[in-house]
Amino acid sequence: MIKHHPSDETLLRYASGTLEAGPRVVVAIHVGDCTACAARVADFEALGGAFLDDLPAEKLGDGAFDALMSRIDADAASRAIPAQPRRLSRAEVGIRLPEALDDCEVGPWRWIGPGVRRSRVTLADDPKANVMLLKVAAGRRLPEHTHSGFEYTQVLKGSFRDARGHYEPGDMDEADSEVDHQPVVDETGECICIAAVEGGIRLRGFFGRMFQPLFSA
Amino acid sequence: MTMRKQETSLSAEEGARLMAAVAGERNRSAFAKLFDYYAPRLKSFMMRSGMTSPVAEDLAQETMLLVWKKASYFDPLRAGVSTWIFTIARNVRIDRLRREGRPSAADSLDPSDEPEEPASAEASIMAAERDERVRAAIAMLPGEQAEILRMAYFGDKAQSEIARDLGIPLGTVKSRTRLALNRLRAILDDLV
């Protein structure tokens with residue numbers, strides 16, 4: 001039972017295509033697992049369709065349709081070149097990764113502090129996005145932290161708790177810069193999350209101190 | 001060169017029928033009707049997202065090209081034509097903004113390739129109702145709230161512009177967006 005969801009604003013930004021690439025992939029993982037949020041996204045997409053219908057028609061250049069049909073004919077005439085299979089380097093991270101990460105490179109686990117490891121995730125469509133897998137040992141307390149932008153964390157395995165609740169696989173923790181949190185991983189086992197922060201270089205606070213050297217490496 | 005007239009309306013049923021003709025028989029006159037209705041609106045959508053007129057027209061064309069290519073993926077049980085075309089346009093816009101940011105980005109990724117699962121019987125009923133429910137809900141929102149939600153679809157640039165037009169800070173636009181969403185959620189939950 002998923003208890004923690006992205007906010008409506010985040011789902012609206014996801015559905016309208018205005019969410020940054022890093023958070024987008026983390027939210028996609030949540031939506032893939034959560035029927036309630038998938039339905040909400042479908043509502044927002046339908047709203048986008050309704051807005052598209054309501055837009056005033058903008059005049060197109062003369063011959064726009066004919067130009068498009070010529071392009072379609074030229075496309076059909078030239079045999080489609082099969083896409084080069086992408087060479088993805090994917091480290092073994094010990095869990096089955098969600099489908100939303102199929103196009104991503106996944107780096108090896110690296111030690112970044114006692115009981116804490118991270119693996120860099122590189123998105124095909126935005127290699128600069130700050131996305132990472134985090135693996136934290138059972139019972140381990142993460143340093144208290146704040147952050148400058150929104151931080152999106154989706155639990156993939158294990159669980160943690162902070163002042164706002166208990167987070168299990170499928171749950172998303174969406175925290176803005178107001179939130180001061182100090183997550184503690186449950187004693188029952190290690191916890192693996194995927195996390196993204198908004199804003200490419202706004203790395204201060206927790207993420208900054210812990211990950212800046214690794215991101216810039 | 002054919003002179004195209006702009007279509008002012010297209011019912012959901014007619015749109016679905018045209019899509020079926022494009023998917024099944026590659027029917028060009030059906031596609032022309034879809035083009036006449038959607039391409040000018042897609043250009044409008046792109047311009048509101050901050051694109052110049054030529055870029056917006058190019059992206060409208062790009063979207064319609066994908067409508068043609070992916071017509072067989074359209075499933076009227078999953079979404080209305082306008083909703084489906086909106087999601088393609090949204091992905092075309094994401095792709096363009098990404099390429100603007102990084103000219104050498106890998107282009108092998110087709111952003112509109114989303115996993116397609118067969119619609120369940122339950123999903124079919126919901127998809128048919130969803131459009132009407134969402135349209136009814138937006139009509140019940142106060143005009144300013146509907147407008148502020150509309151702007152959210154065009155990104156930060158449009159939101160900054162609406163802030164300037166209303167003479168309020170961007171933060172206020174964001175908090176009004178939150179209020180409008182709460183209202184919309186209450187209406188949608190009522191309409192279930």
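User: In this predicted model, which helix of chain A holds A:Asp8?
Analyst: The model is predicted. The element that contains A:Asp8 spans residues 8-16 of chain A, and it is helix H1.

User: Is A:Asp8 buried, partly exposed or exposed?
Analyst: A residue is buried at 20 or more C-beta neighbours within 10 Å and exposed at 12 or fewer. A:Asp8 has 19 C-beta neighbours inside 10 Å, so A:Asp8 counts as partly exposed.

User: Which residues is A:Asp8 in contact with, leaving aside its neighbours within four places in sequence?
Analyst: Two residues are in contact if their C-beta atoms lie within 7 Å. With its neighbours within four places in sequence left aside, A:Asp8 has contacts in both chain A and chain B, and they are A:Arg40, B:Leu181 and B:Arg185.

User: How far apart in space are A:Asp8 and A:Asp75, C-alpha to C-alpha?
Analyst: Along the sequence, A:Asp8 and A:Asp75 are 67 residues apart. In space, C-alpha to C-alpha, the separation of A:Asp8 and A:Asp75 is 40 Å.

User: What are the numbers of helices and strands in chain A, and what share of its residues is buried?
Analyst: Chain A contains five helices and 10 strands. Of the 217 residues in chain A, the buried share is 41%.

User: Which elements make up chain B, and in what order do they run?
Analyst: Chain B has eight helices and zero strands. Read from the N terminus on, the order of elements in chain B is α-α-α-α-α-α-α-α.

User: Among contacts between residues at least 6 apart in sequence, what percentage joins residues at least 24 apart in chain A and in chain B?
Analyst: For contacts of this kind in chain A, residues at least 24 apart are joined in 67%. For those in chain B, the value is 65%.

User: How many residues of chain B are in contact with chain A, and what is their make-up by class?
Analyst: On the chain B side, 49 residues are in contact with 41 residues of chain A. Elements of chain B that give two or more residues to this side are helices H2 (28-48), H3 (53-69), H4 (81-101), H5 (121-140), H6 (143-152) and H8 (170-191). By class, the side of chain B that touches chain A has 23 nonpolar, 12 polar and 14 charged residues.

User: Is A:Glu58 buried or exposed, and which residues does A:Glu58 touch?
Analyst: A:Glu58 lies in the loop between helix H3 (35-54) and helix H4 (64-77) of chain A. Because A:Glu58 has 20 C-beta neighbours inside 10 Å, A:Glu58 counts as buried. Not counting residues up to four places away in sequence, A:Glu58 touches B:Pro40, B:Lys43, B:Ser44 and B:Met47.

User: Which residues is A:Val131 in contact with, leaving aside its neighbours within four places in sequence?
Analyst: Beyond four places in sequence, the contacts of A:Val131 are A:Gly22, A:Val25, A:Val26, A:Val121, A:Leu123, A:Ile194 and A:Ala196.

User: Which exposed residues does the face of H8(B) turned away from its buried side carry?
Analyst: The buried side of H8(B) includes B:Leu181 and B:Leu184. On the face turned away from that side, the exposed residues are B:Gly171, B:Thr172, B:Ser175, B:Leu179, B:Ala186, B:Asp189 and B:Asp190.

User: What is phi of B:Arg26, and where does B:Arg26 lie?
Analyst: B:Arg26 has 13 C-beta neighbours inside 10 Å, so B:Arg26 counts as partly exposed. Its phi is positive in a residue other than glycine, near 50°. B:Arg26 lies in the loop of chain B between helix H1 (12-25) and H2.

Notes
Residues numbered from 1 in each chain as written. Chains lettered and ligands numbered in written order. Predicted model: local features only at pLDDT ≥ 70, side-chain atom pairs only at ≥ 80, totals over all residues. Helix = DSSP H or I, 4+ residues; strand = E, 2+ residues; numbered from the N terminus. Nonpolar A, V, L, I, M, F, W, Y, C, P; charged D, E, K, R; others polar.
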